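Here's a quick tour for anyone meeting this structure for the first time. Have a look at the model below, then read on for its salt bridges, pockets and cavities.

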Amino acid sequence: MDTASHLLLGVTLAGLAQLTPAVAHDPVLAQAVMVATVVGSHAPDFDTVARLRGISFYIRFHRGITHSLPALFLWPLLISLPVAWGFGQMEHWGMLYGWTLLAVVLHVFLDMLNAYGVQCIRPFSRRWVHLDVLAIFEPFLFALHLTAAVWWIGFGGEAAVLFPAAYAITFAYIGVRAWQHQRQVKRVKSALNTDGVCHVLPSFHPFRWRFVIEAEQRFYTGRIEYDHVLLEDVYPKQYRDEIIQATVGVDGVRAFLGFAQRIHVTWKERQDGYEVTWSDVRFWYDRKLPFGVDVVLDRELNVVEYRLGWRKKAWDPPFV
């Protein structure tokens, strides 16, 4: 989920904490809870500082250890203790820890629901978990929580009514999207008559999805518009010849292979050598594969340069 939504849910979690009598009747404790839940709602994404060490390190690190099982309990400890001390609320440290824990867990849970995913079962496994149920930004959920927060803070709305309702609607919405996703996977497999691995990815529109199917020899990509399955492109799987193999040891390619799941690789000849293009087909959009690694080789198959990341503008889809 995007940063703004995470922070907003931190605010509404603080509103939900008003159900606790101690928080509702103590303005200082309420402020401490607000700080703890807002910081906790963003804490796992503090790993963005990894960008300072380059894109390869960032790809390896982002949504990894900071979203892992140990981190779920470590972040609340690192946040709640200084907040409790700073606000003079050490007697309520356990409560602050609990609400911060809830904020961190909700962050990781929501990230797990989108297409990028998280390594949330580390250290037991480095497998990326992505349920492909929600888009990175959900307009409905953002509007819902923003309305509740503004009503509470700006117009004195009753927190005990607003926030239980907001979170009940939130989880009902997630349930509906999960049901939609399951139906769309079945619809795509039936329409294309294949048993290959199928990813159906959400968009901002509730009835428009993208899909990727990996079959034995090729990838199929397309769109679902309401109930219509539209096949758009077919990408053949490439045999990894010596030109492609010459790029496998490149740092950017190794970082990419540690994250990517539906890998398409091609090469083309250049005037002075070759260019090998690695892409993750999951993130196709508008007949393009915008995420991957481009490696330039000379005629002797020595690496000249490489570029890892998105082949698109930040404001262009897909938004993952």
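Which side chain meets that of aspartate 227 in a salt bridge? It's arginine 187, with N and O 3.4 Å apart. A salt bridge here is a side-chain nitrogen of Lys or Arg within 4 Å of a carboxyl oxygen of Asp or Glu.

Before going further, note that this is a predicted model, where local features need pLDDT of at least 70, side-chain atom pairs count only at pLDDT 80 or more, and totals for chains, interfaces and linings use all residues. Residues are numbered from 1 along each chain as its sequence is written, and side-chain values use heavy atoms, with hydrogens and water left out.

**Salt bridges**

- Side chains of opposite charge can pair when their charged atoms come close.
- By the salt-bridge rule, the count comes to 15.
- Aspartate 227 sits in the loop between β3 and β4 (228-236), while arginine 187 belongs to helix α8 (residues 159-192), so this pair ties together parts 40 residues apart in sequence. Helices (H or I, at least four residues) and strands (E, at least two) are DSSP runs, numbered from the N terminus.
- Aspartate 227 counts as exposed, at 52% relative accessibility. The labels work like this: buried means under 20% relative accessible area, exposed over 50%, and partly exposed in between (1.4 Å probe, protein chains only).
- Arginine 262 forms a salt bridge with glutamate 214, and their closest N and O atoms are 2.8 Å apart. This pair links distant parts of the chain, 48 residues apart: arginine 262 is in the loop between α10 (251-259) and β5 (263-270), and glutamate 214 is in strand β2.
- Are arginine 262 and glutamate 214 buried or exposed? Arginine 262 counts as buried at 15% relative accessibility, and glutamate 214 counts as buried at 18%.
- Aspartate 233 and arginine 287 also meet through their side chains in a salt bridge (2.9 Å, N to O). Aspartate 233 is in strand β4 and arginine 287 is in the loop between β6 (273-280) and β7 (291-298), so the pair ties together parts 54 residues apart in sequence.
- Aspartate 233 is buried, with 17% relative accessibility, whereas arginine 287 is partly exposed, with a relative accessible area of 47%.

**Pockets**

- Rolling a probe the size of a water molecule over the atoms shows where empty space is left.
- On a 1 Å grid over the protein atoms alone, a cavity is a set of points where a 1.4 Å probe fits but cannot get out, and a pocket is an open set with protein on both sides within 12 Å along at least five of seven lines; lining residues have an atom within 4 Å of a point.
- Grid points are joined across faces, edges and corners, and a volume is the space filled by probe spheres set on the points.
- The largest pocket holds about 610 Å³ of space. It has 23 lining residues, and those closest to its centre are Arg51, Tyr58, His62, Trp310 and Val320.
- α4 (55-61) and β8 (303-310) are the elements that give two or more residues to the lining of the largest pocket, and α4 has the largest share, with three.
- The lining of the largest pocket has twelve nonpolar, five polar and six charged residues. Here Ala, Val, Leu, Ile, Met, Phe, Trp, Tyr, Cys and Pro count as nonpolar, Asp, Glu, Lys and Arg as charged, and the others, Gly among them, as polar.
- The second largest pocket holds about 390 Å³. Its lining has 24 residues, with Pro202, Ser203, Phe204, Arg210 and Tyr285 nearest the centre.
- The elements giving two or more residues to the lining of the second largest pocket are β1 (197-202), β2 (208-214) and β3 (218-225).

**Cavities**

- How many cavities of 30 Å³ or more does the structure hold? There are two.
- The largest cavity has a volume of about 40 Å³, and its lining is made up of His6, Leu9, Ser41, Ala103, Leu106, His107 and Leu110.
- α6 gives the largest share of the largest cavity's lining, four residues.
- The lining of the largest cavity has no charged residues.
- The second largest cavity has about 30 Å³ of space, and α1 gives the most to its lining, with three residues.
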